[in-house]
Amino acid sequence: MFPRLTTLAKLFAADYWIVLDDVQFTRRDYQHRARLADLDDPARQQWLTIPTHLPGGRSTLIRDALINDVGLARRRTAGMLRQHFGTSPHWPILARALDPVLDAFATGRTAMVAEMSTRILLDLIGWRGQILTSNRLTARPGRSVRLADLAAATGARTYLCGTGGLTYLDPDPFAAQNIAVAPFRPPTTGIWSSGCRLSALWALAALGPQAAASRLQALAADQTTLRTAA
């Protein structure tokens, strides 16, 4: 939900985003939560969490996770977003853009809110890629094999892999389908210093969507150059 800046940057650099909605929900991940920070002091951070019920227990798929107390969750989310970013000169633009995210609470499904929050941020920075859903694509079981099959379904020749994914990803299933695995390594200074923890909302509120988009465009161009050189 409300992806981290590094995640948003990786999506911006890609041509496709495949929404993984038919894998197991993980409470320790960012599927139903985001880390917010004060505009003036990004060290002051707070979790925004959608209380989520798993009707099938630990094996519940992401798409089947349900929001506990939809009305309260919506009000709390709206209040926390306003609390952290309401003083930004860019808040009027952000607030209007975020309305569909709040409307998505009416579905009662955590995944719908999380997906909409990412779609909205991608729209704000002008991403022109395509969004697909994993349950509509054919893929074999197994973490790396599955990701390779999903990448192949798009006709991709390169899979962008974040630093976390590099610790477990097996490149062999990708190589078998002539798909290169390209590490995505954003900077670690400036707005990127907390980019692997904070929601990208902080950067959009601090810089404005247009300025934030310029930073992501420059990073995406750099990653493309690196992939071409490799």
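The following dialogue goes through the assignments made for a predicted model.

Student: What makes Cys161 a buried residue?

Tutor: Buried means under 20% relative accessible area. Cys161 has 3% relative accessibility, so Cys161 counts as buried.

Student: Why is Cys196 called partly exposed?

Tutor: Partly exposed covers what lies between buried, under 20%, and exposed, over 50%. The relative accessible area of Cys196 is 41%, so Cys196 is partly exposed.

Student: Why is Ala111 called buried?

Tutor: The cut-off for buried is under 20%. Ala111 has a relative accessible area of 15%, and therefore Ala111 is buried. Ala111 lies in helix 4, residues 110–124.

Student: Which residues does Ala111 touch, not counting residues up to four places away in sequence?

Tutor: Ala111 touches Ile62 and Arg63 on that count. The C-alpha atoms of Ala111 and Arg63 are separated by 5.5 Å, although the two residues are 48 residues apart along the chain.

Student: Is Asp149 buried or exposed, and what is its relative accessible area?

Tutor: Asp149 has a relative accessible area of 10%; buried means under 20%, so Asp149 is buried. Asp149 lies in helix 5, residues 143–153. Leaving aside neighbours within four places in sequence, Asp149 is in contact with Thr138, Ala139, Arg140 and Gln177.

Student: What makes Asn178 exposed?

Tutor: Exposed means over 50%. Asn178 has a relative accessible area of 57%, so Asn178 is exposed. Asn178 lies in the loop between helix 6 (172–176) and strand 8 (180–184).

Student: What is the phi of Asn178?

Tutor: Asn178 has a positive phi of about 60 degrees although Asn178 is not a glycine. Most residues other than glycine have a negative phi. Asp69 also has a positive phi, near 50 degrees, and is likewise a residue other than glycine. The place of Asp69 is in the loop between strand 5 (66–67) and helix 2 (70–85).

Student: Which residues touch the most other members of the largest nonpolar core?

Tutor: Phe2, Leu81 and Phe85 do, in a core of 56 residues. Not counting residues up to four places away in sequence, Phe2 touches a list of residues including Ala34, Leu48, Leu81, Leu98, Val101 and Leu121. Apart from this core lies another, of eight residues, among them Leu147, Ala148, Phe174 and Ile179.

Student: How many cavities of 30 Å³ or more are there?

Tutor: The count comes to one cavity. About 40 Å³ of space lies in the largest cavity. Its lining includes Leu5, Ile191, Trp202 and Ala203. By class, the lining has six nonpolar, three polar and no charged residues.

Student: Which residues line the second largest pocket?

Tutor: Gln24, Phe25, Thr26, Arg27, Arg28, Leu54 and Arg58 line the second largest pocket. Arg counts as charged, and the lining of this pocket has three charged residues, with two nonpolar and two polar ones. The volume of the second largest pocket is about 160 Å³.

Technical notes: Residues numbered from 1 in each chain as written. Predicted model: local features only at pLDDT ≥ 70, side-chain atom pairs only at ≥ 80, totals over all residues. Heavy atoms only, no water. Core = buried A, V, L, I, M, F, W, Y, C linked by side-chain atoms within 4.5 Å. Buried < 20%, exposed > 50% of the residue type's maximum accessible area, 1.4 Å probe, protein only. Contact = heavy atoms within 4.5 Å. 1 Å grid on protein atoms, 1.4 Å probe; cavity = no way out; pocket = protein on both sides within 12 Å on 5 of 7 lines; lining within 4 Å. Points joined across faces, edges and corners; volume = space filled by probe spheres on them. Helix = DSSP H or I, 4+ residues; strand = E, 2+ residues; numbered from the N terminus.
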